[in-house]
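Open the model in your viewer and keep the sequence panel beside it. The tour goes stop by stop: select, look, move on.

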Amino acid sequence: MKKNLLMVLMAIVSLSAFAISQPGSRNQTFPLKGTFVSPTDQHIQYMGRISFTNPERPAFNYPGVQIIAAFEGTSLKMLAKPLSGYFVAQIDGAEPFKVSFRGERDSVVTLATALPYGSHTVRLMYIIEGYEYYPEFWGFLLDKGCSLVDAPALPSRKIEFVGNSITCGYGNEGVKKEEHFEYETENHYYSYASITARALEAQHWVVARSGIGAYRNYGDVKTGSPRSCMPVQYEYTGYAWDLKLRQEDSFLKEKWDFSRYQPDVVCVNLGTNDLSTNNYDTKLLKQGYQKLYKLIRQHNPKAKIVLLTGSMLYNQELQIAKQLLDEIKAEAQKLGEKEVYRFDMAPIASNEFYGNDYHPNIYQDEKMAGELTAFLRGLMNWF
């Protein structure tokens, strides 16, 4: 597909009237024409922790959630809740591009127009952390008389990534380490996790939040973050920093159904926030990591589990992290655990590999992905 056949429009489309009203939500009218495709259409493929409590409004807030479909016609529009944040879209394998739902009235964005008439594939990925935006997918709009068709089968290989800002892709599009985080510079599509999954031709589902720890979130007290660290959040569909939620955000209290996704391998990259300020307790960190490990094993009994470091720990803290993870692995193996592994990605080595707030930029993400891809390829025999 020639790239010049795609025209990306970041604006609301105003055409002749086409009303969409969903039960259980505010009546919403979109001035559009064409064929509306509900999120419940069986041709749509979803990846990631998504709540279907309201099937017409799939809700999520972890990065890396993906929506894949194949459609007939010459154009495609996407509907989402205004202020949902950023997605990356790809049409027929052409260059991926960023899609913005940042305005208070941005509910429809044109993803493609002037395509040759026929069948086309769209791949969407939510690329930021949505805990402030509460994103929802509201469906597609196709050319009049067109419909979705069977999409390509999802990869049979399955990875789960459990992590913090490094896994999210925090600031990886930033150009200066001294500049602070903005959603515009976070792009999970170019994170080490996403790049690794594409290289291995695998699905990847993400449970990650900036600032989260195995026992203590960034800057929290020495005794830890017992209500919001990863061992607590891992069992929920979405991430909720504060569980005192509005009624419309209740999906964040929804316990995740682990039968919906059983990964072949789980990669855990935590500890950076626990050790990031000089106020940590290594004994509590080890206990927190062990608790999380047991939860992951309980819910994923057949998966290989890889305990990672990288790439924002250095010196003493890096050695502490490595030692603790080595101990957790050894102790698990003594108890009969066979499928637990360790891998260390290299720390950031020089200024050209920093994004915002001293986080990895896309070049560092590519390096990390190269290291992890080689390790997983051998571990999983994915050649």
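Select Asn315, which lies in helix H5. Helices (H or I, at least four residues) and strands (E, at least two) are DSSP runs, numbered from the N terminus. Asn315 is not a glycine, yet its phi is positive, at about 50 degrees. With a relative accessible area of 64%, Asn315 counts as exposed. The cut-offs are: buried under 20% relative accessible area, exposed over 50%, partly exposed in between (1.4 Å probe, protein chains only).

Two notes on reading the model. It is predicted: local features need pLDDT of at least 70, side-chain atom pairs count only at pLDDT 80 or more, and totals for chains, interfaces and linings use all residues. Residues are numbered from 1 along each chain as its sequence is written, and side-chain values use heavy atoms, with hydrogens and water left out.

Next, go to the loop between strand E16 (304–309) and H5, where Ser311 is found. Show the backbone here. The peptide bond from Gly310 to Ser311 is cis, with omega near 0 degrees. Most residues other than glycine have a negative phi, and most peptide bonds are trans.

Two further positive phi values can be picked out. Ala114 is at about 60 degrees, in the loop between E9 and strand E10 (118–126).

The buried ones are Tyr192, Ala193, Ser194, Ile195, Thr196 and Ala197.

Which helices each supply at least two residues of the lining of the largest cavity? They are H4 (282–299) and H5 (315–334). H5 gives the most, with three residues. Select Leu270, Gly271, Leu275, Leu285, Tyr289, Ala321, Leu324 and Leu325 to show the lining. By class, this lining has seven nonpolar residues, one polar and no charged. Ala, Val, Leu, Ile, Met, Phe, Trp, Tyr, Cys and Pro count as nonpolar, Asp, Glu, Lys and Arg as charged, and the others, Gly among them, as polar. The space inside is about 50 Å³. The structure holds one cavity of 30 Å³ or more.

On a 1 Å grid over the protein atoms alone, a cavity is a set of points where a 1.4 Å probe fits but cannot get out; a pocket is an open set with protein on both sides within 12 Å along at least five of seven lines; lining residues have an atom within 4 Å of a point. Grid points are joined across faces, edges and corners, and a volume is the space filled by probe spheres set on the points.

Move to the second largest pocket, of about 520 Å³. Its lining has 21 residues, and Tyr218, Asn273, Ser276, Met312 and His359 lie nearest its centre. The lining comprises nine nonpolar, nine polar and three charged residues.

Last, the sheet. Select the four strands of the open sheet, in the order E3-E11-E6-E9, with antiparallel pairing. The edges are E3 (35–37) and E9 (108–112), each pairing on one side only. Strands pair if DSSP finds at least two bridges between them. Four bridges join E6 (residues 76–80) to E9. Zoom in on Met78: its bridge partner in E9 is Val109.
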